[in-house]
Amino acid sequence: MAEEKNAAKGAGDLQYIRPGDIERRSFAIITEELGDFPLPAAHAPVVKRVIHTTADFDYARNLAFSPDAVERGLEALRAGACLVTDTNMALAGVSKPALQALGCTARCFMAEPDVAEEAGRRGLTRAVVSMERAARLPGPLIFAVGNAPTALIRLCELIQEGAVSPALVVGAPVGFVNVVESKELLLRTPAPYIAALGRKGGSTVAAAVCNALLYQAWGRRV
């Protein structure tokens, strides 16, 4: 009973905080806890937003950036890029106000009936067919893969074949089968990339990387 009273008292002491203030406080905490970790200035907004999304400081170490990846991504967004995701979850997490302000679009082909039909007919996954469809879109293109390693593998093949030349690839599939290998394949392509190395990643991570870039291109603070 005393424990319940203490818990109730503790809850009553908590203050409701506005969403913007929560975000600012969170980023201040992240900056403080990172301390003097050697984080390049261009990478910091991306790394911090991924940590903010996941509460996982490992991303300070396992996010890999190709040279000028952030700059290339910002340039594409300011030119009205189309952002392609491999899941509707990642698509839902991308900031629509930022996309609209920049004149950008976002697409995900995974749930489209004709993609499922073609995948079944050809004996392929929807992720593979989705990347093939996206490769035919007019550029500039930014690909954000946060779930399916097969999507990233096929995208890398298309890049090597010269079928598509992305402005940036966010490679963050998550899991245990072909995940690490797909990211290693991305690092060997000529495409600019931001990759979550190892097994970690996910649609939320892919969306967080995209939002970090979108907010910078838009001029939004934090």
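Select helix α8 (residues 113-122), where Arg-122 and Glu-118 lie four residues apart, about one turn of the helix; helices here are DSSP runs of H or I with at least four residues, numbered from the N terminus. An α-helix has 3.6 residues a turn, so residues three or four places apart point the same way. The two side chains meet in a salt bridge at 2.8 Å, N to O, a term for a side-chain nitrogen of Lys or Arg within 4 Å of a carboxyl oxygen of Asp or Glu. Glu-118 is buried, with a relative accessible area of 15%, whereas Arg-122 is partly exposed at 38%. Buried means under 20% relative accessible area, exposed over 50%, and partly exposed in between, with a 1.4 Å probe and protein chains only.

The model is predicted: local features need pLDDT of at least 70 and side-chain atom pairs count only at pLDDT 80 or more, while totals for chains, interfaces and linings use all residues. Residues are numbered from 1 along each chain as its sequence is written, and side-chain values use heavy atoms, with hydrogens and water left out.

Next, select helix α10 (residues 149-161), which holds Glu-157 and Arg-154, three residues apart. Their closest N and O atoms are 3.1 Å apart in a salt bridge. Arg-154 is buried at 15%, and Glu-157 is partly exposed at 36%. Salt bridges that share partners join Asp-114, Glu-118, Arg-122, Glu-132, Arg-133, Arg-154, Glu-157 and Glu-161 into one network.

Move to Arg-49 and Glu-23, whose side chains form a salt bridge at 3.2 Å, N to O. Arg-49 lies in helix α3 and Glu-23 in helix α2 (residues 19-34), so the pair ties together parts that are 26 residues apart in sequence. Arg-49 is buried, at 6% relative accessibility. The whole structure has 12 salt bridges.

Select Leu-63: beyond its neighbours within four places in sequence, Leu-63 is in contact (heavy atoms within 4.5 Å) with Val-46, Val-47, Val-50, Ala-195 and Ala-196. Val-46 and Leu-63 are among the residues touching the most other members of the largest nonpolar core, which has 41 residues. Such a core is a set of buried Ala, Val, Leu, Ile, Met, Phe, Trp, Tyr and Cys residues joined through side-chain atoms within 4.5 Å.

Finally, select Lys-200, whose charged end sits over the ring of Tyr-59, 6.0 Å from its centre; the rule requires NZ of Lys or CZ of Arg within 6 Å of the ring centre and within 35 degrees of the ring normal.

Terms used. Helices (H or I, at least four residues) and strands (E, at least two) are DSSP runs, numbered from the N terminus.
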